[in-house]
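Hi,

Here is the model I promised to pass on.

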Amino acid sequence: MKKNIAMRVAAFLFILTMITTCAFATTFAKYTTKGEAEDSARVAKWGVTVSMVGMDQTEYEISGEGIGSQDAQISSATDEKNIAPGSQLRFATIGLSGTPEVAVQVTFTANLSLTGWEVPKNENENEEYCPLVFSVKDKEFKIGGKALDGSAISTVAELEAAVEAAIVAYSAIYNPNTNLVNQNANTLTVYCQWAYAGNDVNDTALGDAAADGVSTNDPAINLSITCTVTQID
Amino acid sequence: MKKNIAMRVAAFLFILTMISTCAFATTFAKYTTSDSATDTARVAKWGVNVDVAVPTTGAFQSSYTNGSDTTVEGKNSAKVVAPGTSVTNALTVTITGTPEVDVEIKYEATVSLTGWEAGTFKDGETTKNTYCPLVITVNGTQYKIDTTNTDATKLAAAIEKAIEDLSVANIDANTNLAATDALTHDLKISWAWAYEVEGTDTVKAAANANDTALGNLTTAPQISISVTCTVTQND
């Protein structure tokens, strides 16, 4: 009887093996070839900021030899920015920051307009007189000085061009992953100074021209600076 | 004595007769039927190759160059995309072989586009607009955000469908699977992000602003593509 049961179990297992072999034959025994690939990416970071702090004062202390602090101020009644002998005017400070993952072109454009900077030469004609000294970061430009290219600055127009060129010279190309904070263009500041000790007659003439009620002959400074950071293709 | 010799001769002849009868029995048998068959077989050839390839630098790269200048470089070698970047044949599948069995070609694709939102917030809205400047080309057909694929999810789905539509349920045995001018089961995926879009200055300015916005997002938008191609013998 025991032998009979063992035989039946063996027969059952044999049949079961045959059935599963047939049923799953196609699953485990066939030709198959497979290939796969995967890749991903994220957007390259930009994160560049350009800040520009312009003239933020309408009142200045005048500095110069022999000036008392009590009366050493110029103050604008109309919130216009003024400059006078002994004062310094900050026109702009450019701030750059960011570490973009792309190459960038930092482009400066500048347009300086100096109008009305002339004094009477005689009864019939005027002559240019501009005592202003412009500082573009650590370089100074004035009539009687030299431009970046070494050429002499002898006229107001040449002074305008020299200052503009000095600002534009801070344009540069930077490789990806360059920290712009550490670059020369960051903290580019443009100042304008008028020395207290100069030609008193001519300085006074300029002040009189500003006070004569005729706006067309007012000595004026207009400086426009644009800084653009653009990805390079 | 003579009788003895005769008996011996007779016995010898009898034995000789018996031997020859056995030896030549088949020769002289009259009724005979015979049949024979031989057959051989070899394994049916498979020889199918599925080559799923990406460029050495990847479908997406950690850096891109223009001439000798590196113009884009992901920090810590991160793979990135940016305006002006592209990879032609970023992912390709090439199937070859002439199997002696019926086959099925099955493509499976997963495309993910996450975080592609830029533009300005509208009053009262808390979500940004979809903006994905990527153009993904699947076997010559371009897929991008447009009136059909209005958001990144729909765009990803459209690309997945384009890839998976290359699947074929059954191809007869002895069919050359290699691509021909008339028919291909292969896949070529390319992608591009235009440096500057075509259009008016206003259109260009808007695109530049949106590109910049993507680059400034705290969580950078991402793209991933996964493709599997399997050629299986049909039963």
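Across the interface of chain B and chain A there is 1 salt bridge, counted when a side-chain nitrogen of Lys or Arg lies within 4 Å of a carboxyl oxygen of Asp or Glu. A:D39 makes this kind of link with B:K79, with the closest N and O atoms 2.9 Å apart.

This is a predicted model, where local features need pLDDT of at least 70 and side-chain atom pairs count only at pLDDT 80 or more, while totals for chains, interfaces and linings use all residues. Residues are numbered from 1 along each chain as its sequence is written, chains are lettered from A and ligands numbered from 1 in the order written, and side-chain values use heavy atoms, without hydrogens and water.

A:D39 also stands opposite B:I225 in β13(B). That strand of chain B pairs with β1 (residues 32-43) of chain A in the antiparallel sense over 11 bridges (pairing takes at least two DSSP bridges; strands are DSSP E runs of at least two residues, numbered from the N terminus).

As for the whole interface, 50 residues of chain B are in contact with 29 residues of chain A (heavy atoms within 4.5 Å). The two chains bury about 3200 Å² between them, 53% of it on carbon and sulfur atoms; this is the accessible area (1.4 Å probe) lost on being put together, summed over both. In chain B, B:T71, B:E73 and B:Y195 lose the most area to chain A, together 16% of what that side buries.

Best wishes

Technical notes. Helices (H or I, at least four residues) and strands (E, at least two) are DSSP runs, numbered from the N terminus.
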